[in-house]
Every structure is written in structure tokens, then in C-alpha cells.
Amino acid sequence: MNSSSPTLESNSTIAGNREMIDEARAVCRSASRGDLEPRIHAIPSDPAFADLALSINALLDTTDAFVREAGASLQAAADQRFYRKVVTRGMPGSFKRGSDIINQASNQLSRQEEILSTARQERLEICDELNRMVEESAQRIERVVKNIDEIMNGARVLALNATIEAARAGEAGRGFSVVASEVKKMSDHIAESMGGITIELQNFRAESQRVLDQIAAK
Amino acid sequence: MEQTLTLVQEQRKVQPTEVEHVFGLEEFIVSKTNLQGHITYANEVFCRVSGFTREELIGAPHVLVRHPSMPRCVFKLLWDTIQDGREIFAYIKNMCRNGDHYWVLAHVTPTFDRAGKTVGYHSNRRSPDRQAVQFFEKMYGLLLTIEETHTDRRAGLDASYQELLHILNNEGKSYDELVFSHTRI
Ligand SMILES: Cc1cc2nc3c(=O)[nH]c(=O)nc-3n(C[C@H](O)[C@H](O)[C@H](O)COP(=O)(O)O)c2cc1C
């Protein structure tokens, strides 16, 4: 800000500003080791030395502000609190440019998180849809199996009646009695297969449920 | 110490004016305090904008720059947050030595030592967003009115703090989020 910096007075001496120089050395040394906390407190009355001390303090203040902001905003982005940006107000020059870049990265992260979360939502919806389709097909198959079961029961009763009628017809019904017992055997066989289909269907439901749950949990 | 106490008492008697001081978009007002909120460091911009000398600021409690139109519940939120080890952003109206004022967007953070213990606090204040100042001035006006309707200080603070939480709840935002949503950073 100070375009015209104070110049050394003719009576300015390093020795006369010893306290500030020593403090400045210690402060700069700490800062170079990563401790941005210390500041120069012994501000001398000599304008040029005072300006030196205040400039070192200002440099540390700006650096400290940038470090605090960069750390806090990146932590916030990692915690998905994307509103917490680097407040670039107050940041001069390179510090402002660095802050802008961090904010762009945070915006990018926020957009990617949004895309991911939309994709997650869509995956859940697809799983729900598949689940519903599996359930509906299974129920339709169950109804068909039940129909066939009923038809087979009817066929068994028919076969029994045919056997009785064939017995009554004596010798003439012998051939027919063979046919009737074949029909009964066949319907027993089909009923057994239907039982197998029901068990297969239960397994299929459980297995697809398990797979869809796994996809949804990802 | 006695000197700074009388300085605070003197400031309480200063009549606030309508004059506002502003500072640059590429400047910070910086202060550091000890755990009690007594100033241990103040930068040049702080001295220039507030009108206090460095000697007056160092050792003084931060209430020195308190403006009477600020509701106390904001400072309760500030202290609760930093004592919990978290950062806070807040719009604050401060009073200069001569009764003029300046608005800041303050960022207050705890300072930790290597062992992670809080050893003090730090505040960076930026030139505020004008639109945000309008918003928070109105909100603080309401909160201050609530505080002033109670003769008991404690009851006034409780009531305005409840109202502040109520406002935040209605907005569905934390105080920080509210600050960010009104600030073009
Ligand atoms: C680091 C730090 C910075 C602070 N900055 C301000 C400030 O700029 N203005 C202010 O009025 N209070 C500030 N305070 C809060 C004061 O300590 C005090 O709580 C406030 O002035 C309200 O005082 P009251 O509760 O006695 O009314 C700050 C506190 C800390 C720790």
C-alpha cells in the first residue's frame, strides 16, 4: 500500500534498533520453520525500521491468512461442506490467484459429488425396477403353476373315474384301463415337475434379491 | 491494565456517529488475543481503521471496539464456537475511537499449540459485502430489540439467542452458511 517507503534517517543505526532487529531475526527464523504465529512487537520509532518491522508482520499476516483459509476450505470440501470456500476478499496478488484455484477445485469436487450422487440415485431406481420385474414374473409363473396343478388334479380324478368305468366294462375295458393308468402316471409326473419349478422359483427370487441388494449397497 | 480498563470505560461513554469507515478489498484487519480475549497483536490496518494506537490496543479486551448496536447473542455464538475449537465467520459492526464505525467480515479461529491445546485466538477481518451488511444490520436490529425488551441481561441474551437459532432453523442454514450465502467471496 505504501508506495513511498520511508527512507533511513541520517541518525538511523542498526545498533539503535537492536531490539527490533533481534526480534525480527527470531520471527523470520520461526516462520521459515513453519511457525507463522510470532510477530515483531518492538516497533521502533525510527520510520524506516518501523516500516521494516510492520512489513514483515504484514507478510506473515497474509501468509498466515492464506494457510488458514486453504487448510480449512479443503477440509470442508473433504467433509462435503462445499459452501465453505476460501474467502478471497483481502487476499492480494498471488494469494488471491492461489485461493481462486482452490475454489475452482472445490467447485469441481462439488460437481463430481453431484454427478456421483445422481448416478447412485439412478442405480437405486434401476435396482428397484428390476426387483419389481422379478417379483411380477415370479408371481405370474406361480399362477401358471397353480393352474397346471389344478388341471392335473382334474386329470387324476378323470383317470380314476376312467379306471372304475373300465373295470365295470370287464374284458372290453381292459385296454382303456391301461390308458387311464398311463394318464394318472403322467399327471403325477407333471405335478412333481411343478413342485420342482416352485422350488427353482424360490431360489431364483432369493438369489436375484441378494444380487440386487449388493448392487444397491455399492 | 488499569489504563486499558479506563479506556474501555471511556469508550462506553463515546456517542456513536453515523460515519462509516471502510478499508481496502486487498487488506485484512488482524488481531490476536489470549484465551480471555485480550489483544496481544494488532496490525497496522486495525490501528488505521479503528483510530486506536497499537499501544492502546495491545493488552486491551476486545470489547474495546464493541459497538452498542451489536446484539450480545452474536458474541455468545462466537465464543461458544471458538471455545469448542471451531472456526466462525461473522459480520460484526465495530466502533472506532471517535464513535464512527466500520463493518467487517470476521473470521475467528482458535490457535493451537503443537499438542493441539488452544493457546489463544486469531481474527482476520475482511472488507464486508455491502449486500450482506444490509441483511445482517436488519437481523441484528431485531435481535437487539429483543435483548432490550428484557430488564434482566441474562434473560435478554437467552431470548435473542433463541431467536437467532429460530432464524437459522427457518433458513435451514448454520450461521456460517448464512454468512457465505450473502457474501460474494
Ligand atoms: C479473536 C477475537 C476477536 C474478537 N473480535 C471482536 C470484534 O471485532 N468486535 C467485538 O465487538 N468483539 C470482538 N470479540 C468479542 C469480544 O471479546 C466480546 O465478547 C464482545 O465484544 C462482546 O462483549 P459483551 O458480551 O461483553 O457485550 C472478539 C473476540 C475474540 C476472541
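## Domains of chain A

Chain A is assigned two domains, with domain 1 covering residues 6-84 and domain 2 covering residues 121-217. The model is a predicted one. Taken over C-alpha atoms, the centres of domain 1 of chain A and domain 2 of chain A are separated by 86 Å.

## Extent of the interface between chains A and B

Chain B contributes 31 residues to the contact and chain A contributes 27 residues. Together the two chains bury about 2500 Å² between them, and carbon and sulfur atoms account for 53% of this area. On the side of chain B, the residues that lose the most area to chain A are B:Tyr41, B:Arg126 and B:Ile185, which together make up 23% of what that side buries.

## Polar interactions across the interface

Four salt bridges are counted between chain B and chain A. One of them joins the side chains of A:Glu37 and B:Lys32, with an N to O distance of 2.9 Å. Polar contacts between chain B and chain A number 14 residue pairs, counted where both residues are at pLDDT 80 or more.

## Composition of the chain B surface

Several elements of chain B each give two or more residues to the side that touches chain A: the strands β1 (29-33), β2 (39-42), β4 (101-112) and β5 (118-126), together with the helix α7 (175-181). The largest share comes from β4(B), with five residues. By residue class, the side of chain B that touches chain A divides into 10 nonpolar, 10 polar and 11 charged residues.

## Surroundings of the ligand

There are 15 residues around the ligand, and those that come nearest are B:Val63, B:Arg66, B:Phe75, B:Trp79 and B:Asn94. For B:Arg66, a polar side-chain atom lies 2.5 Å from an oxygen atom of the ligand.

Note on methods
Residues are numbered from 1 along each chain as its sequence is written. Chains are lettered from A and ligands numbered from 1 in the order in which they are written. This is a predicted model: local features need pLDDT of at least 70, side-chain atom pairs count only at pLDDT 80 or more; totals for chains, interfaces and linings use all residues. Side-chain values use heavy atoms; hydrogens and water are left out. Contact means heavy atoms within 4.5 Å. Buried area is the accessible area (1.4 Å probe) that two parts lose on being put together, summed over both. A polar contact is a pair of N or O atoms within 3.5 Å; within protein, one must be able to donate a hydrogen and the other to accept it, and residues adjacent in sequence count only if both atoms are side-chain atoms. Helices (H or I, at least four residues) and strands (E, at least two) are DSSP runs, numbered from the N terminus. Ala, Val, Leu, Ile, Met, Phe, Trp, Tyr, Cys and Pro count as nonpolar, Asp, Glu, Lys and Arg as charged, and the others, Gly among them, as polar. Domain bounds come from an automatic or database domain assignment. A residue is near a molecule or strand if one of its heavy atoms lies within 4 Å of it.
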